[in-house]
Amino acid sequence: MKPIDQEFDSENEVEDGSEMTFLEHLEELRWHLVRAVASIAVFAILAFIYIREIYDLVILGPSSPDFWTYRMMCKLSEKTGFTDLCVDKLNFTLQSREVGGQFTMGLTASLMIGLLFAFPYAFWELWRFIVPGLRTSERRAARGAVFFVTTLFFSGVLFGYYIVSPLALNFLANFQLDPRIVNEFDITSYISTLATLTLGCGLTFQMPIVAFVLSKIGFLTPNFMREYRRHALVVILIVAAVITPSPDIYSQILVAMPLALLYEVSIWVSGYVQRMRIKDEQALMKSDGYED
């Protein structure tokens with residue numbers, strides 16, 4: 001059985017043992033992309049088959065006061081005495097203002113769900129193409145990348161769906177310039193807001209991965225991140241205020257805490273990369289000394 005490094009290297013070689021040409025690399029990339037897109041299409045088709053159940057239980061969930069997050073907020077308000085935390089009414093209705101609006105949003109939602117559930121496999125396909133171009137030490141440092149990227153992505157999606165989206169919808173639905181103005185949201189606007197907040201959080205939770213890459217190329221250091229920790233916390237609070245435009249400080253803190261934790265994890269990741277770089281440099285110096 002070949003070692004894992006040799007298995008990856010073999011993907012960059014043709015049958016006669018020579019290295020792959022540029023066009024052959026493009027052909028290899030094309031097939032990785034084809035398989036990734038095919039996986040998205042499969043999950044999208046499955047989602048469209050059960051689209052009514054998905055809309056009822058998942059997509060329209062945050063639009064109902066019976067949603068899990070709202071019920072937990074009401075329980076928290078009972079224990080803390082802050083009655084403003086309880087959400088027992090959402091002041092808006094959903095409408096479809098176009099002839100094919102519901103059908104179009106059914107297709108759009110199916111595609112987004114397909115992208116969501118196919119993400120681990122699609123990323124794995126792209127990662128298979130990238131890995132053979134890495135050095136042995138880089139492969140060792142990036143071991144488990146698919147697992148960590150996927151875990152962080154789905155953690156962010158769940159955080160966006162259960163925390164950020166309900167808080168934002170609650171504020172936007174109950175904010176009124178005048179009582180005579182009725183909130184009748186178009187289903188397209190609702191889906192767009194929900195998808196933006198949910199997928200946006202999924203990407204935001206990739207902060208440790210971004211820190212790993214930037215530290216690997218020498219653009220970021222743990223000392224730099226520690227030095228500007230206070231500035232980062234201010235930015236995180238601003239981002240939390242923008243994501244949850246509610247004047248309620250508890251909602252902002254609820255959003256800011258995971259982001260602050262991700263920043264601390266990113267500092268540790270950057271420090272890990274720095275320690276690995278120093279270790280490799282020391283090993284290289286020792287090998288050069290032995291050669292001399």
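The structure is a predicted model. The chain has twelve helices and two strands, and buried residues make up 36% of its 292 residues. The mean pLDDT is 82, with 87% of the residues scoring at least 70.

**Overall fold**

- Read from the N terminus, the elements follow the order α-α-α-α-β-α-α-α-β-α-α-α-α-α.
- Of the contacts between residues at least 6 apart in sequence, 79% join residues at least 24 apart.
- The accessible surface is about 18500 Å², and carbon and sulfur atoms account for 66% of that surface.

**Confidence**

- Where pLDDT is low, predicted coordinates should not be read in detail.

**Nonpolar cores**

- The largest nonpolar core has 42 residues, and those touching the most other members are Y55, I59, Y70, F159, Y190, I191 and V255.
- At least two residues of this core come from each of helix 3 (51-59), helix 4 (68-80), helix 5 (101-130), helix 7, helix 8, helix 11 (229-243) and helix 12 (249-291).
- Helix 7 gives the largest share, nine residues.
- A second, separate core has eight residues, among them V146, F212, V269 and V273.
- In soluble globular proteins, nonpolar side chains tend to be buried together.
- Which residues does Y190 touch, not counting those up to four places away in sequence? They are I59, L60, G61, P62, S63, L94 and L169.

**Aromatic pairs**

- The structure holds 17 aromatic pairs.
- F159 and F205 form a tilted pair, because their ring centres are 5.5 Å apart and their planes stand at 40°.
- F159 is in helix 7 (residues 145-174), whereas F205 is in the loop between helix 8 (187-204) and helix 9 (207-216), so this pair ties together parts that are 46 residues apart in sequence.
- Both partners of this pair count as buried: F159 has a relative accessibility of 13%, and F205 has one of 8%.
- Y161 and Y162 make an edge-to-face pair, because their planes are at 85° with ring centres 4.9 Å apart.
- Y161 is buried at 12% relative accessibility, whereas Y162 is partly exposed at 32%.
- Y161 and Y162 also belong to a cluster linked by ring pairs, together with F67, W68 and Y70.

**Charges over rings**

- R30 places its charged end over the ring of W31, 4.9 Å from the ring centre.
- R128 lies over the face of W124, with a distance of 4.8 Å to the ring centre.

**Two leucines in helices**

- Leaving aside neighbours within four places in sequence, L259 is in contact with T204, F205, M207, I236 and V239. F205 is also the partner of F159 in the tilted ring pair.
- L33 belongs to helix 2 (residues 22-49) and counts as partly exposed, at 39% relative accessibility.
- L33 and F123 are 90 residues apart in sequence, and their C-alpha atoms are 9.8 Å apart in space.

Definitions and conventions
Residues are numbered from 1 along each chain as its sequence is written. This is a predicted model: local features need pLDDT of at least 70, side-chain atom pairs count only at pLDDT 80 or more; totals for chains, interfaces and linings use all residues. Side-chain values use heavy atoms; hydrogens and water are left out. Helices (H or I, at least four residues) and strands (E, at least two) are DSSP runs, numbered from the N terminus. Buried means under 20% relative accessible area, exposed over 50%, partly exposed in between (1.4 Å probe, protein chains only). Contact means heavy atoms within 4.5 Å. Accessible areas come from the Shrake-Rupley method with a 1.4 Å probe; for residues, only the protein chains shown count as cover. Rings of Phe, Tyr and Trp (its six-membered ring) pair if their centres lie within 6.5 Å; planes under 30 degrees apart count as stacked, over 60 as edge-to-face and the rest as tilted. A charge sits over a ring if NZ of Lys or CZ of Arg is within 6 Å of the ring centre and within 35 degrees of the ring normal. A nonpolar core is a set of buried Ala, Val, Leu, Ile, Met, Phe, Trp, Tyr and Cys residues joined through side-chain atoms within 4.5 Å. pLDDT is the predictor's confidence in each residue, from 0 to 100.
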